[in-house]
Amino acid sequence: MTKKLTRMFVCLVGLLILGSAVASAGQYNAVVDIGAPMPEFSDLPATDGSTLSSDDLEEDIVVLVFLANHCPWVKGMDADLVALVDELEGQSVRFVGVSVNHRDDDRLPAMKEHALANGYNFTYVFDESQALGRRLGATTTPEYFVFGKDRRLAYMGLIHNSPASKRRDGTVNYTRGEPTDFYVRDAVAALSAGDEVPVAETRSHGCSVEYQRADG
Amino acid sequence: MIACAGPAADAPPAATGRDAAAVELRPVTVEEWRIELARLEGRIAVVDMWATWCIPCIERFPHMVELFHRYEAEGVTFVSVCLDDPGDEQAVASARRFLEGQRAVFANYLITENTADAFEKLDLLSIPAVFIYAADGELRYRLTADDPNDQFTDSDVEAAISNLLGELPLV
């Protein structure tokens, strides 16, 4: 009887350890849930010629946003992202754009052109390994991940509630009209104030992130 | 892997004659699409969710057309659902030209609701996505790119169709 109980206890502890090691999925994310730690990364090349590692990030709040130059949903939202970075200037917030697609128009040379043409006012890095995207379960561009001072995930999803795309004629179309709910801005404000983030997860919308398969 | 057809959405090969005339892009709401989908019950149905702004969708589409020609005689129905911005006339025209260029002579629908709402109603995170329904109408294969570590391939689509055909009673 004692042996049986001991075996059950060992199994239970084993399951708990396994459970804590495996990231759990969010409502719209197959890999991580709110509270997940920010993955470490090192020496990702940026459009300004520098490299960036997670250890370099000293700000209280870090916003990672997955981008793809070719994507009309990124082009449609570029101005909103740049405006938000401007708005939060002076606060302890660091925005980092991440491109992971391997197609030529999403790689570093094209990223440099895109960043310049669109006035990117944040660090824009290329992660050829795609590890950062995989570990965060990023599937669309643009898709936002906001981390607090503890580097735990506090928000993921859209920048606001009206995803916009750039139409063929160059105009920008907000799918739900003028945005009314600014999720990333609200998450940053809540984290800065030490409050709970009001909306922690939304359904991101945009182009698919194109992951390489191990079998080619 | 299917050959890259990247620019095809803007500059498709010319389609002529009966095939071009047979290609239609029918505007529907999500609710109307669901009614159309329900009508497919009784046959294996392969539904390809795509848009011209989605490069992987454009790259995969020729394979869907190839599968249509291969499996049509076995009673498999192919349908495409376009998620281009219905308010972007140039995008819709481009989608129509692309379908003509691909000689996509199966049923093609264009969702008329705004794209973000359409994704939500269709429970889509991203496209391309291929939904494969068994003859009893049950969604049996939901092939998506929703998990970075589990991306579907053209082979997965073929295997799913083959599996469902294998389940049909011999006649």
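Me: Is strand S4 of chain B buried or exposed?
Reply: In this predicted model, four of the five residues of S4(B), residues 107-111, are buried, so the strand is largely enclosed by the rest of the structure. Buried means 20 or more other C-beta atoms within 10 Å of a residue's own, and exposed means 12 or fewer, with C-beta atoms placed from the backbone. Strands (E, at least two residues) and helices (H or I, at least four) are DSSP runs numbered from the N terminus.

Me: Which way do S3(B) and S4(B) run, and how many bridges join them?
Reply: They run parallel, joined by four bridges. Val81(B) stands opposite Tyr109(B) there. Strand S1 of chain B (residues 26-28) also pairs with S4(B) in the parallel sense, over three bridges; pairing needs at least two DSSP bridges.

Me: Switching to chain A, which residues of helix H3 are buried?
Reply: In H3(A), residues 108-117, they are Met111(A), His114(A) and Ala115(A). They cover an arc of only 100° around the axis, which puts them on the same side of H3(A); the arc is taken from the directions from the helix axis to the C-beta atoms.

Me: And what's exposed on the other side?
Reply: Pro109(A), Leu116(A) and Ala117(A) are exposed there.

Me: What follows H3(A)?
Reply: Gly119(A), with a positive phi near 65°.

Me: How are residues and chains labelled, and which pLDDT limits apply?
Reply: Residues count from 1 along each chain as its sequence is written, while chains are lettered from A and ligands numbered from 1 in written order. For this predicted model, local features need pLDDT of at least 70 and side-chain atom pairs 80 or more, while totals for chains, interfaces and linings use all residues.
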